[in-house]
Amino acid sequence: MIRKATLLFALLALTVVATAPGAAATKIEKASRQTLSVSISSITPQVPTARTDVIKFTGTLRNDGSAPMTGLSVRLRYSPQKFTDRATMAAYQGDQNPATLPGSASPTSRYDIPALAAGAQVRWEFTATPMQLTSPAVPSFGVYPVAVEVSQYNVGITAQRTYVTYAPPTVPKLPRNKLAIALPVIDQPHRATDGPQFVDDKLSQSISGKGRLADLAAIAQAAPKNVTWFVEPGLLDDLTAMKGKYQVKTKKDGVQDKPASAEAASWLTTMRTALAASPVFAVPYADPDVAALAHQGLDAQPGKAIALGKQKLAAQLGREVKTNVNWPPAGLLDADALDLLSVSTDKVDKVLLNPTNLPPQPPVPFTPDAAGTLDSVNGPVTALVADAELSKLFEPTASTSMLLSTQRFIAETAVIAAEPGQTSPRSIVIAPSRRWDPNPKLVTELMKTAEKLPWLRLTQLESLKPTRLAVPRAGLTYTDQDRKEELSAKYLAPVRDVTSKAQLTSLITADKIASGFDAAVLRLTSSAWRNNTRVGRSVTKLVDAAVTERIDKIQITGAGPDRPRTLAGSNGVVPISVKNSLGVPIALYIDVTSNNPELLRVTSPKELLRIGGGQSGTVQVDMNAAAGGSGDATVTVQLKTADGQPYGKPQRLIIRTTGYTGIASVIVGAALTVMLAAAVTRVLRRRSERKVARAAKTRESETV
């Protein structure tokens, strides 16, 4: 009975397989693909130059499943037809269907693996020559598709695609395209004001171990000296503040004391040394959202950020830096933003852009020259457009091996060099995203490879200029979605208010001393807040509080509803005093306006009042009450800067008029008359008494 049941089950199984062989095979293939993992460890030489060069492929095959697998083999697949353009190469790379692998299988490049235990891996190796992998007749310069395929019982399961770039001597020689690599050192602001208090402690993790900024420092140390760097000075300012004791805000509005950071000091020293001989451009201080500022009427801020950025970075690095090349947030700007950059005191004459911002028009089937020209209100500006695919290789979004990225880089640049119709060198720009998180080993390897390839010449970004090879472009393409990514009008409204208030703290000083809030205000406009407006708003509140505290150091003394000033009569003067608690002299006007002009007329003083640091100043304000009136009236006192801008909040003062001055004058006049009459009477009486005395004395002497 048991034998019959077993036989029946086997027949049923065979029936299922026979009726649905495709589905079963697909299911098995899918399971195997998820179980097996193939990787290529090396391809040497990276660029064969002769038909008989032996190309050695090595790698591993790993069984990630829970059961052993048998009947496995690793073999090399190839196509003798080279890629004709980059689009075809991208399609090949993105296609993960085993059925579309290169059609030819190398008979001599095969490695059989009879059995592979669960969790085990095996190393494979095989060789081939360009003659075997390319057209046997005339193998020529170009990029050829190859793939390492894993099969089970001769059924393909999974594969790893890559390229072989064959580069024999060519006649004529290929033009050496100019390649410029731009690398950013940009973060987000970590302080509100210039003090030692931080809004977070993220920098301490970023500069140590495998932190993002630590990786950037490692790249800077290994990078060729003609790689161009874009450094945001506010980041270096924050790290300089960490060299001493600092504080970090906690969630409950408290602060946590932190010791001086030796890592911050070390990172700064490393970057100064590494960048000493490299071209360095200062990113505008705090990396402001230039497009948003242009659209929301904060036109002065980009120019201030450029000037402050240049000053700060030069001091930090101890060397000259430039600002004439600008890399806008996301590599995108429109005509308004371009105009603001072009009219800044430190004029921007080059911009580094994302390729979507300035596409060729009409589209071209080849790689366009990176350099083009834009028109601004201040004349032509050179646009340098980054290559999207090459830039992605410096910052892969998915996990990939260093080898495959390097092979792709070699292949991409070789196809560019061999594109039809090219007779002169073109410009190519690589620019990863501005707040990238790089793999230092990968980036370093790609840069070293770029230096070795005979069809590339690594050069400084600023050296690229438009040539006759420039293709027509569509002009600045700035979409509605790009506009939505900007800092919003709602976000920037309080920033505008803080900016105006901060400016007053400079204008009120006698010598127009810098307010000390220039950097703080620029931090509020940072493009870093595009994706983190909550933190940006909290920083705005902190800066606003600091500015208000500074403004309140200059106040009218004795102001308040419970402290009326008395005007003894219908006219006279009332003193108004101002206390300057700042450590520097100030110059201001005191503007006094009557709130009850029918009861009280005020003549506001016209003279500029100067008050020394830590001192008080007083002005006498002429006031006249209505005839016969008495009681309380109010005046508004507004401090103003030397150029007439209101400073601080206006204060209301109560003026109490007595109405006694006219009556008192009459009384005093009458009293003076009476006193004068009495005095005259006394004088006459005394004269009369003296005359009588002299007469009596004369009579006595005559009698004798």
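Which residues in α13 meet which residues in α14?

**Figure 1. The whole protein, before we zoom in.** Keep in mind that this is a predicted model. The protein has 704 residues, and 45% of them are buried. Its secondary structure comes to 19 helices and 28 strands. Now take the contacts with a separation of 6 or more: 78% of them are between residues 24 or more positions apart.

**Figure 2. Helices α13 and α14 side by side.** Two packed helices are described by the angle between their axes and the distance between the axes. Here, α13 covers residues 402-417 and α14 covers residues 440-452, and their axes come within 10 Å and cross at roughly 30°. Angles under 35 degrees count as roughly parallel, so that is the word for how α13 runs relative to α14. The crossing of these two helices is right-handed. As for the opening question, α13 brings Met402, Ser405, Thr406, Phe409 and Ile410, and these meet Lys441, Leu442, Glu445, Leu446, Thr449 and Ala450 from α14. Sort the residues of this α13 and α14 contact by type and you get six nonpolar, three polar and two charged.

**Figure 3. Another helix pair, α6 with α8.** This view pairs α6 (residues 212-222) with α8 (residues 262-274), whose axes come within 9 Å and cross at roughly 30°. That angle makes α6 roughly parallel to α8. The crossing of α6 and α8 is left-handed. On the α6 side, look for Leu213, Ala214, Ala217, Ala220 and Gln221; on the α8 side, look for Trp267, Thr270, Met271 and Ala274. The tally for this contact of α6 with α8 is seven nonpolar residues, two polar and no charged.

**Figure 4. Helix α16 and what covers it.** Helix α16 is made of 19 residues, 489-507. From first C-alpha to last, α16 reaches 27 Å, close to the 27 Å expected at 1.5 Å a residue. What covers them?

Figure 5. Start with Leu524, which sits in helix α17. Is Leu524 buried or exposed? Its relative accessible area is 0%, so Leu524 is buried. Leaving aside residues up to four places away in sequence, Leu524 touches Leu487, Tyr491, Val495, Val498, Trp529, Val539, Thr540 and Val543. Thr499 is 25 residues from Leu524 along the chain, yet their C-alpha atoms are separated by 9.4 Å. Next, find Thr540 in helix α18. With 5% relative accessibility, Thr540 is buried too, because the cut-off for buried is under 20%. Again leaving out residues up to four places away in sequence, Thr540 touches Tyr491, Pro494, Val495, Val498 and Leu524.

**Figure 6. Two cis peptide bonds in loops.** Most residues other than glycine have a negative phi, and most peptide bonds are trans. One runs from Thr44 to Pro45, with omega near -5°. You'll find Pro45 in the loop between β1 (36-44) and β2 (55-63). Another cis bond joins Gln361 and Pro362, where omega is about 0°. Pro362 belongs to the loop between β15 (350-353) and β16 (371-376).

Figure 7. Tyr153 isn't a glycine, but its phi is positive, about 50°. Look for Tyr153 in the loop between β6 (142-152) and β7 (155-166). Tyr153 counts as exposed because its relative accessibility is 56%, and the cut-off for exposed is over 50%. Ala330 isn't a glycine either, and its phi is positive, near 65°. With a relative accessible area of 43%, Ala330 is partly exposed.

Conventions:
Residues numbered from 1 in each chain as written. Predicted model: local features only at pLDDT ≥ 70, side-chain atom pairs only at ≥ 80, totals over all residues. Heavy atoms only, no water. Helix = DSSP H or I, 4+ residues; strand = E, 2+ residues; numbered from the N terminus. Expected span 1.5 Å × (residues − 1). Axes fitted to C-alpha atoms, helices over the stretch in contact; angles between N-to-C directions. Parallel < 35°, antiparallel > 145°, perpendicular 65-115°, else oblique. Left-handed = near helix turned anticlockwise from the far one by under 90°. Contact = heavy atoms within 4.5 Å. Nonpolar A, V, L, I, M, F, W, Y, C, P; charged D, E, K, R; others polar. Buried < 20%, exposed > 50% of the residue type's maximum accessible area, 1.4 Å probe, protein only.
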